[in-house]
Amino acid sequence: PGACARKSAAVAMAGGLPPWVSKIDRRASIQMFLTLVTLATAISAFLFSVWFKQDTDNMNKNFVGEVTRGASDGYDLVPFPCVRNTLADCSNDVADECRPNCCPGGYECRRDQVVGLICKNPSDECDDFLWCRDFADISGNCQTEICEADKMVESIAQWAYVFSGMGV
């Protein structure tokens with residue numbers, strides 16, 4: 001037994017590997033491989049949750065306030081919604097008629113029968129105007145199913161971000 005151990009150590013050293021490598025059995029190699037695969041999967045899940053959270057945050061950026069031209073992190077351009085809230089000077093609590101300063105550049109002020117004043121992007125026609133209006137939550141009360149679903153997705157994205165970070 002002593003001569004075999006010295007011979008395997010000499011073979012391992014001749015190949016440039018440390019002697020302990022020759023003592024690793026097949027089961028240990030498989031365990032190390034599976035551990036590395038698990039770590040890679042956890043890191044991938046974390047990265048995907050970061051990207052998903054950025055996308056859900058970006059979807060809601062341009063519904064209120066001034067228009068954001070691009071994401072601050074350079075990840076992706078923030079979309080311009082076809083329908084959005086008016087600026088603070090013309091909120092539905094303050095005004096009931098459109099004025100030139102009600103909407104940011106690129107939007108036109110219009111009066112909707114249900115929610116009041118809205119800003120509409122004239123160059124972008126909504127496929128489903130009612131869905132876009134409800135998603136934008138013009139009233140600010142989030143009483144529609146579409147708005148509630150959006151809030152639920154944002155909450156799930158937040159929890160996915162937290163738990164995938166803990167998994168890494």
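I take a nonpolar core to be a set of buried Ala, Val, Leu, Ile, Met, Phe, Trp, Tyr and Cys residues joined through side-chain atoms within 4.5 Å, where buried means under 20% relative accessible area, exposed over 50% and partly exposed in between, with a 1.4 Å probe and protein chains only.

The model is predicted, with pLDDT of at least 70 needed for local features and 80 or more for side-chain atom pairs, while totals for chains, interfaces and linings use all residues. Residues are numbered from 1 along each chain as its sequence is written, and side-chain values use heavy atoms, leaving out hydrogens and water.

I looked up the largest nonpolar core and found 10 residues in all: Phe 63, Cys 82, Val 83, Val 115, Ile 118, Cys 126, Cys 132, Phe 135, Ala 136 and Ile 138. Helix H3 (residues 129-136) gives the most to this core, with 3 residues; helices here are DSSP runs of H or I, at least four residues, numbered from the N terminus. Apart from this core lies another, of 6 residues, among them Val 67, Cys 90, Cys 103 and Cys 119.

Next I followed Ile 118, whose contacts (heavy atoms within 4.5 Å), leaving aside neighbours within four places in sequence, include Val 83, Cys 103, Phe 129 and Ile 138.

I then turned to helix H2 (residues 26-59) and helix H4 (residues 145-167), which pack at an angle of about 150° with axes 8 Å apart, the axes being lines fitted to C-alpha atoms over the stretch in contact and angles running from 0 to 180 degrees between N-to-C directions.

Lastly, I noted that Gln 158 lies in helix H4 and is partly exposed, with a relative accessible area of 34%.

Definitions and conventions
Helix = DSSP H or I, 4+ residues; strand = E, 2+ residues; numbered from the N terminus.
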